[in-house]
Amino acid sequence: AALPEPVEIGAALVACALILPVVGSSKNPVERPFKFTNDFTTVNYTPFPGVAVLEGTGWATHLGSLAANAELVRYVQPGVALFRGSFTSANGDEVLWDAYVNPGVSYTVIFTGGTGRFQNASGGFEAVYTYRTMDPYPPVPGTDVLVTFGSDGTGTIKY
């Protein structure tokens, strides 16, 4: 029997080296640094009784340019709102999240899963506002309010 050519052995080793990280990453997710920046606008926000739908764009490590959507779920304590949403990357993969928002100050995002390469994503980040406007201010009960804001955040993502 003839021995395999060195080129064939090298090609087989390269193929194994390329496949191993892909297979390993789904079984052994890796925690990575995560940076985020965004511009959000409320589509529909009535502060009393508390209805809010947010849409925006941003950029994040591991996602690149992204579209963001969220809805107010409930107030978890006075002044802190729980929003549930997603970041969608250009290729359609999504990171799902819950955000605990202290309006005008900061917010905490916790990753709760995803689709594509972000399936079972975990981790999260802390964000601070870079700007925030509300029209009219102060809000008038029963009327829609336009809120726009930007923020920057850092944390980790595991996928």
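This is a selection-by-selection tour of a predicted model.

**Whole chain**

The chain has one helix and eight strands. Read from the N terminus, the order of elements is α-β-β-β-β-β-β-β-β. Colour by burial next: of the 159 residues in the chain, 33% are buried. A surface view covers about 9,200 Å² of accessible area, and carbon and sulfur atoms account for 61% of that. If you draw contacts between residues at least 6 apart in sequence, 44% of them join residues at least 24 apart.

**The nonpolar core**

Select Phe 83, Phe 87, Tyr 107, Phe 111 and Phe 125 and show their side chains. In the largest nonpolar core, which has 33 residues, these five touch the most other members. As background, nonpolar side chains in soluble globular proteins tend to be buried together.

**Asp 98**

From that list, pick Asp 98, which lies in strand 5. What does the side chain of Asp 98 make a polar contact with? The partner is the side chain of Arg 84, at 2.7 Å.

**Aromatic pairs**

Now show the aromatic rings. The structure holds eleven aromatic pairs. Begin with Phe 34 and Phe 111, whose rings are edge-to-face, with 5.1 Å between centres and 75° between planes. Phe 34 belongs to strand 1 and Phe 111 to strand 6, so this pair ties together parts that are 77 residues apart in sequence. Both Phe 34 and Phe 111 are buried.

Next, select Phe 36 and Phe 125. Their rings form a tilted pair, 4.8 Å centre to centre and 35° between the planes. Because Phe 36 lies in strand 1 and Phe 125 in strand 7, the pair ties together parts 89 residues apart in sequence. Phe 36 is buried, at a relative accessible area of 4%, and Phe 125 is buried as well, at 2%.

To see these rings in context, select Phe 34, Phe 36, Phe 87, Trp 97, Phe 111 and Phe 125 together: they form one aromatic cluster.

**Backbone stops**

The last selections concern the main chain. For comparison, most residues other than glycine have a negative phi, and most peptide bonds are trans.

Go to the loop between strand 7 and strand 8, where Pro 136 is found. The peptide bond that joins Asp 135 and Pro 136 is cis, with omega about 0°. Pro 138 is also found in the loop between strand 7 and strand 8. Here the bond from Tyr 137 to Pro 138 is cis, and omega is near 0°.

Then move to the loop between strand 2 and strand 3 and select His 62. The phi of His 62 is positive, near 75°, in a residue other than glycine. With 25% relative accessibility, His 62 counts as partly exposed.

Finish in the loop between strand 6 and strand 7, at Asn 120. Asn 120 is not a glycine either, yet its phi is positive at about 65°. Is Asn 120 buried or exposed? Its relative accessibility is 63%, so Asn 120 counts as exposed.

Conventions: Residues numbered from 1 in each chain as written. Predicted model: local features only at pLDDT ≥ 70, side-chain atom pairs only at ≥ 80, totals over all residues. Heavy atoms only, no water. Core = buried A, V, L, I, M, F, W, Y, C linked by side-chain atoms within 4.5 Å. Buried < 20%, exposed > 50% of the residue type's maximum accessible area, 1.4 Å probe, protein only. Helix = DSSP H or I, 4+ residues; strand = E, 2+ residues; numbered from the N terminus. Polar contact = N/O pair within 3.5 Å; in protein donor to acceptor, adjacent residues only side chain to side chain. Phe/Tyr/Trp six-rings, centres within 6.5 Å; stacked < 30°, edge-to-face > 60°. Contact = heavy atoms within 4.5 Å. Areas by Shrake-Rupley, 256 points an atom, 1.4 Å probe, with all protein chains shown as cover.
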